[in-house]
Amino acid sequence: MSDQMPDSAPQFLTVGEGEAAREIAMLVRPAQAGNDAPALVWLSGYRSDMSGTKAVELDGLAAELGLACIRLDYSGHGLSGGSFGDGTISRWLEEAFAVIRHVAPDRIILVGSSMGGWIALRLAQELARQGGSKLAGSKLAGPKLAGMVLIAPAPDFTSELIEPNLKAKERKSLAERGYFEERSQYSPEPNIYTRALIEDGRENRVLDGIIETGCPVHILQGMKDADVPHAHAMKLVEHLPADDVVLTFIRDGDHRLSRPGDIALLLSAVKGIIRLSTNRQMPA
């Protein structure tokens, strides 16, 4: 039932084989019977998980509207298994895609925060690629993408925001140890960036050509974001020329965008995408 509290009963899906196998935790809220609106899919940021404020608020909106909602923790995050140090964009993308295929909704709205925005854009590309293959029309091709809401999206952050600003000691650490550490303003534990993450990031670039999502996109971006400059969101818009894109700047917004006013803007943006995908009125 849609009014159950899925937080108390995470499900686990094994992704990968052999030594690469890891248990991915997910929280799945079923839609109310007869509700054919797209399922909401939450994609967290780097070192964030599915129990964060924005993820919980999104699930609350799904409960209110009777929608399905899918949340997951990437490997090395939250309740999932696997080592954080083994994480790459390709690996986390594989996990998100596996969870979506496992739940198998007909249509989805991707809601991605920070790095989750990058994974959302890569998912759009993979859905389009596989949907146009011989798998088209089968569940293996994945669901139809009905819309996207991206919060302080950080596509290509490894090559666009990290690599150009590496200090000599960080380059030395990457070369000698395979990673470097950076103080985090959100956690007492430092951020760890591995050579594998950075090298894999180059293989997953999306800002090197036209991105065709085939769906409406709403981007929310704080102008006081110390992690992802608001110019990065503007650059992303330039790579989405074929889509219906709305870019909302929040003048005093930071990277997390988790204040009550920010959450209200997020939920409003999601309702707007639902409205576009269903042609039905959403409650204010």
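Me: Before we count anything, what makes a stretch a helix or a strand here?
Reply: Helices and strands are DSSP runs: a helix needs at least four residues and a strand at least two. By that rule, the secondary structure of this chain comes to 8 helices and 10 strands. Keep in mind that this is a predicted model.

Me: How do you know how confident the predictor is?
Reply: Each residue gets a pLDDT, a confidence from 0 to 100. For this chain the mean is 91, and 92% of the residues reach 70 or more.

Me: Where does pLDDT stay under 50?
Reply: One place is residues 1–7, for which the model has 16 contacts beyond four places in sequence. Another is residues 133–137, with 6 such contacts. Where pLDDT is low, the predicted coordinates should not be read in detail.

Me: Why does the radius of gyration agree with a compact globule?
Reply: Because a compact globule with 284 residues would have a value near 19 Å, and this chain has 18 Å, so the two agree. As for its extent, the C-alpha trace spans about 55 × 45 × 40 Å along its principal axes.

Me: What share of the contacts joins residues at least 24 apart?
Reply: Contact means heavy atoms within 4.5 Å. Take the contacts between residues at least 6 apart in sequence: 74% of them join residues at least 24 apart.

Me: Why is valine 111 called buried?
Reply: Buried means under 20% relative accessible area. Valine 111 has 0% relative accessibility, so it counts as buried. You'll find valine 111 in strand β5, which covers residues 107–113.

Me: What is valine 111 in contact with?
Reply: Leaving aside neighbours within four places in sequence, its contacts include Val41, Trp42, Leu43, Leu58, Val149, Ile151, Leu266 and Val270.

Me: How many of the residues in the whole chain count as buried?
Reply: Of the 284 residues, 51% do. As for the accessible surface, the chain has about 13,000 Å², and 50% of that belongs to carbon and sulfur atoms.

Me: What about the charged side chains, how many are positive and how many negative?
Reply: There are 30 positive and 37 negative ones, and the centres of the two sets lie 2 Å apart.

Definitions and conventions. Residues are numbered from 1 along each chain as its sequence is written. This is a predicted model: local features need pLDDT of at least 70, side-chain atom pairs count only at pLDDT 80 or more; totals for chains, interfaces and linings use all residues. Side-chain values use heavy atoms; hydrogens and water are left out. The radius of gyration is taken over C-alpha atoms; the globule rule is 2.2 Å times the number of residues to the power 0.38. Buried means under 20% relative accessible area, exposed over 50%, partly exposed in between (1.4 Å probe, protein chains only). Accessible areas come from the Shrake-Rupley method with a 1.4 Å probe; for residues, only the protein chains shown count as cover. Lys and Arg count as positive and Asp and Glu as negative; His and the chain ends are not counted. The place of a charge is taken as NZ of Lys, CZ of Arg, CG of Asp or CD of Glu.
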